[in-house]
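Please read the following briefing alongside the sequence and the coordinates.

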Amino acid sequence: MLGTTIGVIDMEIPVSQLLGRNGATQGISFSEDWKEIAGYPDVVVFLEPVKIEGILTNENGILMLEAEGHTMVELPCSRCLRPVSVKIDFKLKEKFTNAGIFNEEAETFSGDYINLTDVIRRTMIAAMPIKVLCKEDCKGLCSKCGQDLNQKECGCDTTYFDPRFEGLRALFKVDEEV
Ligand SMILES: [Zn+2]
Ligand SMILES: [Zn+2]
C-alpha cells in the first residue's frame with residue numbers, strides 16, 4: 001500500500017503509481033488559488049485558497065476519489081448586497097477511469113494524470129448557499145429608492161410599488177422573501 005502525499009500544480013494529480021495496482025492508495029493534499037469560477041453566474045471572490053485533502057484508491061482499475069475541500073468566499077448579501085464572507089465546505093466523491101475500463105459513472109482520463117479542476121468546480125458551486133445574509137435581521141434595500149435601510153430609513157411609502165424600479169430590483173436580485 002502506498003500512502004504518499006503529493007503536491008499538485010493546476011489540480012492535476014499524477015496517478016502512475018496507482019495504475020495497474022489494485023488496492024493501491026495515494027493521499028492527496030494541496031491548496032490552490034482560484035481567482036474565479038468559470039460558468040458560475042454570480043461573482044465569487046475567493047478570500048483564501050481552495051484546500052483539498054483526501055485519498056485516491058484503485059478499486060479494480062477504477063480510481064476512487066474521496067476528499068474534503070474548504071475555502072472562504074465573498075458573496076453579496078441577498079437583501080442589501082453588502083459583501084459577506086462565507087465558509088464553503090464540500091465533499092468530493094468521484095470515480096475516474098482510463099480508456100481501458102468502462103464505467104458509466106466515472107470520469108475518463110488518459111495518460112498518468114487525473115485533472116480535478118472540473119469536479120472541484122462543480123462540487124464547490126453546489127456547496128455555495130443560494131441565499132446569504134449579512135446579518136439575520138438585515139433590513140435590505142428600499143424597493144422604491146434603493147436606500148440601504150440598515151443605514152437609515154428613507155421614509156418612502158412602500159405600499160405603492162413604482163414599476164420604474166422593477167428593472168433595478170431585477171438587477172439587484174432583491175428578494176423580499178429572504
Ligand atoms: Zn444585508
Ligand atoms: Zn426609499
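Residues are numbered from 1 along each chain as its sequence is written, and chains are lettered from A and ligands numbered from 1 in the order in which they are written. The secondary structure of the protein chain comes to 2 helices and 9 strands, where helices (H or I, at least four residues) and strands (E, at least two) are DSSP runs numbered from the N terminus. Along the sequence these elements follow the pattern β-β-β-β-β-β-β-β-β-α-α.

**Confidence**

- The protein chain averages a pLDDT of 83, and 77% of the residues score at least 70; pLDDT is the predictor's confidence in each residue, from 0 to 100.
- Among the elements of the protein chain, strand 5 has the highest mean pLDDT (95), while strand 1 (residues 5-6) has the lowest (40).
- Over residues 1-9 the pLDDT stays under 50, and for this stretch the model has 17 contacts beyond four places in sequence, a contact being two residues whose C-beta atoms, placed from the backbone, lie within 7 Å.
- Where pLDDT is low, the predicted coordinates should not be read in detail.

**Strand pairing**

- Two strands are taken to pair if DSSP finds at least two bridges between them, and strand 6 (62-76) pairs with strand 7 (83-98) in the antiparallel sense over 14 bridges.
- Within that pairing, Leu 63 stands opposite Phe 96 in strand 7, and Glu 66 stands opposite Lys 93 in strand 7.
- Strand 5 (50-59) is joined to strand 6 by 9 bridges, and the two run antiparallel; the bridge partner of Leu 56 in strand 6 is Leu 65.
- Strand 4 (residues 45-46) also pairs with strand 6 in the antiparallel sense, over 2 bridges, with Glu 74 in strand 6 as the bridge partner of Val 45.
- Strand 7 and strand 8 (residues 107-109) pair in the parallel sense over 3 bridges, and here Thr 97 stands opposite Thr 108 in strand 8.

**Core and burial**

- Of the 178 residues of the protein chain, 16% count as buried; a residue is buried if 20 or more other C-beta atoms lie within 10 Å of its own, exposed if 12 or fewer, and partly exposed in between, with C-beta atoms placed from the backbone.
- The largest nonpolar core has 16 residues, of which Val 15, Leu 56, Leu 63, Ile 114 and Ile 120 touch the most other members; such a core is a set of buried Ala, Val, Leu, Ile, Met, Phe, Trp, Tyr and Cys residues joined through C-beta atoms within 7 Å.
- Strand 5, strand 6 and helix 1 (117-127) each supply at least two residues of this core.
- Not counting residues up to four places away in sequence, Leu 56 touches Val 15, Leu 18, Thr 25, Gln 26, Ile 28, Leu 63, Met 64 and Leu 65.
- Val 15 is found in the loop between strand 2 (12-14) and strand 3 (25-32), and it counts as buried because it has 21 C-beta neighbours inside 10 Å.
- Beyond four places in sequence, Val 15 touches Leu 56, Leu 63, Asp 112, Tyr 113 and Ile 114; Val 15 and Asp 112 are 97 residues apart in sequence but 5.4 Å apart in space, C-alpha to C-alpha.
- Among contacts between residues at least 6 apart in sequence, 54% join residues at least 24 apart.

**Turns and loops**

- Strand 5 and strand 6 form a hairpin with 2 residues between them, and Asn 60 in the turn has a positive phi of about 50 degrees although it is not a glycine.
- Asn 60 counts as exposed because it has 9 C-beta neighbours inside 10 Å.
- The hairpin of strand 6 and strand 7 has 6 residues between the strands, and in it Leu 81 takes a positive phi near 75 degrees.
- With 16 C-beta neighbours inside 10 Å, Leu 81 counts as partly exposed.
- Asp 137 lies in the loop between helix 1 and helix 2 (166-172) and is exposed, with 8 other C-beta atoms within 10 Å.
- The C-alpha atoms of Asp 137 and Asn 150, which are 13 residues apart along the chain, are separated by 9.2 Å.

Definitions and conventions: This is a predicted model: local features need pLDDT of at least 70, side-chain atom pairs count only at pLDDT 80 or more; totals for chains, interfaces and linings use all residues.
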